[in-house]
Amino acid sequence: MKKIFLFLPLLWILAFSACQQDKEASLTDLTLNFTADFAEDPLVMYGRTYAYPNSTDFRLQLFQFYISDVYLIKSDGTAGPKVLDVALVSFGGVQSESEAAQGVSVVLKDVPVGQYSGIRLGLGVDPVLNKTQPGDYRVDHPLSTNYWLMSNSYVFSKIEGNADTDGSGNFNAEVTLHVGGDNNYREKTFPQPIELRAGQPNSLGFSVDLRRMLVDDTGKFLNFAMMTQIHSDQSPWAVFISDNFMEAISMRK
Amino acid sequence: MRSIIFLALFLASCSKGSPGVDCTACEETDVIEGAYMPEYVNLELPAWAPEPLEVEDNPLTRQGIALGRRLFFDPLLSSDGTVSCASCHDPAKSFTDGAAISTGVEGRTGTRSAMALVNLAFHSNGFFWDGRSPDLESQVLIPITDTREMNTSPEQVMEKLRRHGDYPRLFREAFGIGRKSEMSFEQLSKAIAQFERSLTSFNSRFDRVVWLNEGWFTDAEERGRQLFFIEPFVQIDNHPGCSHCHLSPLFMDNAYRNNGLDSVGTLEQFSDPGLGGFNGRPFDRGKFKVTTLRNIALTAPYMHDGRFETLEEVLDNYAKGGHGVVNEDANILPFRLDEQQKADLIAFLHTLTDTSFVNNPAFQKPVP
């Protein structure tokens, strides 16, 4: 009888170990890597000047956005496993071309392995999470900051920099474009075969063309000579940026 | 079955051992008597406060905080016994010292103003104006060893503490050591960090009005609140934009920014390079940590070098919109406020004063 009691914990350990191995075999890590450009040029904070419509030059200080509600898409086109609640993708620390090439990565743990037909990203903070507040999170959580108390919304994206609107060489126009509000939340599905395997690095790459967020395909653009600040959910230009975001982001092959 | 019990006892005894100390060489007087019964505590926080960072290897205990508090107020930590942490971090001033530049031993002065110690448990991106310390535990070493501040060394401090009448017992109560030779600077740092982590402030009038619906703002305070937080639908020129960096509920954003104080031709010309001086990144020169505005009315003078005596001066400077330096934060925009609006905004800033924080008996100098 004593021997049975002695072996029971051993059996439990062996069984637990086997289950753990199964779990590890069915789950893997997935890295979402984001790079940003301004048209053809890598997006670098401070150190580069970008040509912008209306003979304007533009320098960046900050470009960041939230992604949320990220799902892998099953082969039948329906939503598969949810792999991410929310993450803040910030290029604020990108100060060189090598850092721009490296991009910003979001590492997802314990993603089910398998074959998928695509991935869906929420661009911004999805409406459910957008009802929460910073006090609901630990201080290193992405939603512990970037909150508009007066608008009851997170700031989904920030584009900040300086523009030279008169060709003087002085970048006197401070550009701060802050967009939030449920009406500016967007979802985009990237249909592309995805195979996630256990025991090996899995990575999906995304590119964002910041210029395309500010200039649509008809040539309409946010004119920094007329407007340099958007701090709103309702501004038509906030909606313009949000709509353009759908076209500005693409999945790298 | 008996062998299993012996094995368990053996493993338990192994885990209790104090690393790095050869106790066969310890003298009898080295032994510290007393109990070790740590009482783990959680910070008491309101629902609107974020969850603080977890520090797995330094959990808060009543005994650890008590030791940290005793050390924080003790000038024994300086070379000549004249300067304590509290010399530059006075609870009555929200743990600042009222000086533009703080003074250390023998009247030596540094280059920066003492930072307020408020809600440090929520700092997730480094400490000091230039972010040089990643956590509170490592922060402790710097003022103690800085020749302009406390001007001593970990070895000298620990030698004094081991000879002290109370500290060996307090270290034992906090960390369970059994001998004076086991007292370490790491334990000292952890204890002070625990005390500093306990300094939370969420009981200002702003908190009570906004989050608890207790009372109302005055008309001036309410107008000031709107100026502080407002994000206008259309572009206007009386938009100070305070809340871009000083976000509720912490009224800071854990970021480092060039807030437009200095006009320099090149980034190399900043007399104090701030973050860039620490991390070596050129475009981070002239950036300093965004401070909380909680208790801001108590922490004059302002900025990293204490250049502004009053909140009025701070507002007037921000209203100028900076100097156009390449890495100057884009949110530093010129704005126009009339005298009434400035008074309103300052009235609102005063609602962030938490008198229960500065008067909290648990944060005052302990009676030995």
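This is a predicted model: local features need pLDDT of at least 70, side-chain atom pairs count only at pLDDT 80 or more; totals for chains, interfaces and linings use all residues.
B:Met303 sits in the loop between strand 2 and helix 12 of chain B. Although B:Met303 is not a glycine, its phi is positive, at about 80°. B:Pro301 lies in the loop between strand 2 (288-289) and helix 12 of chain B, and the peptide bond leading from B:Ala300 to B:Pro301 is cis, with omega near -5°.

**A cis peptide bond at B:Pro249.** B:Ser248 and B:Pro249 are joined by a cis peptide bond with an omega of about 10°. B:Pro249 belongs to the loop between helix 10 (219-229) and strand 1 (256-257) of chain B.

**B:His323 and its contacts.** The loop between helix 12 (311-320) and helix 13 (339-350) of chain B contains B:His323. Leaving aside residues up to four places away in sequence, B:His323 touches B:Gly260, B:Asp262, B:Ser263 and B:Glu328. B:Gly260 is 63 residues from B:His323 in sequence, while their C-alpha atoms are 6.1 Å apart in space.

Chain B contains 14 helices and two strands. Its C-alpha trace spans about 80 × 45 × 40 Å along the principal axes. Of its 368 residues, 43% count as buried. Among contacts in chain B with a separation of 6 or more, 69% link residues 24 or more positions apart. The domain assignment divides chain B into domain 1 (22-201 + 359-363) and domain 2 (205-352). Between the C-alpha centres of domain 1 of chain B and domain 2 of chain B the distance is 30 Å. Domain 1 of chain B brings 26 residues to the contact and domain 2 of chain B brings 25 residues. On the side of domain 1 of chain B that touches domain 2 of chain B there are eleven nonpolar, eleven polar and four charged residues.

**The contact between chain A and chain B.** Here 33 residues of chain A meet 28 residues of chain B. Four strands of chain A each supply at least two residues of the side that touches chain B: strand 8 (147-148), strand 9 (153-164), strand 10 (173-180) and strand 13 (229-232). By class, this side of chain A has eleven nonpolar, 17 polar and five charged residues.

**A:Asn152 in the loop between two strands of chain A.** A:Asn152 is found between strand 8 and strand 9 of chain A, in the loop. A:Asn152 is not a glycine, yet its phi is positive, at about 50°. With 14 other C-beta atoms within 10 Å, A:Asn152 is partly exposed.

**The largest nonpolar core.** This core holds 135 residues, and A:Leu43 and A:Leu210 have the most contacts inside it. Strand 4 (residues 56-73) of chain A gives the most to the core, with eleven residues. At least three residues of the core come from each of domain 1 (22-201 + 359-363) and domain 2 (205-352) of chain B. Apart from residues up to four places away in sequence, A:Leu43 touches several residues, including A:Leu60, A:Phe63, A:Phe91, A:Val94 and A:Leu210.

**Strand 4 of chain A and its partners.** Of the 18 residues of strand 4 of chain A, 16 are buried, so the strand is largely enclosed by the rest of the structure. Strand 3 (residues 50-52) of chain A runs antiparallel to strand 4 of chain A, joined by three bridges, and A:Ala51 has A:Asp57 as its bridge partner. Strand 5 (residues 79-90) of chain A is also antiparallel to strand 4 of chain A, with eight bridges; A:Tyr66 is bridged to A:Leu88 in strand 5 of chain A. Antiparallel pairing with strand 9 of chain A covers eight bridges, with A:Gln64 opposite A:Lys158. Antiparallel pairing with strand 7 (residues 114-123) of chain A covers five bridges, with A:Leu72 opposite A:Ile119.

**Two hairpins that involve strand 4 of chain A.** Three residues lie between the strands in the hairpin of strand 3 of chain A and strand 4 of chain A, where A:Asn54 takes a positive phi near 65°. In the hairpin of strand 4 of chain A and strand 5 of chain A, five residues lie between the strands, and A:Gly77 takes a positive phi near 90°.

Notes:
Residues are numbered from 1 along each chain as its sequence is written. Chains are lettered from A and ligands numbered from 1 in the order in which they are written. Domain bounds come from an automatic or database domain assignment. Two residues are in contact if their C-beta atoms, placed from the backbone, lie within 7 Å. Ala, Val, Leu, Ile, Met, Phe, Trp, Tyr, Cys and Pro count as nonpolar, Asp, Glu, Lys and Arg as charged, and the others, Gly among them, as polar. A residue is buried if 20 or more other C-beta atoms lie within 10 Å of its own, exposed if 12 or fewer, and partly exposed in between; C-beta atoms are placed from the backbone. A nonpolar core is a set of buried Ala, Val, Leu, Ile, Met, Phe, Trp, Tyr and Cys residues joined through C-beta atoms within 7 Å. Two strands pair if DSSP finds at least two bridges between them.
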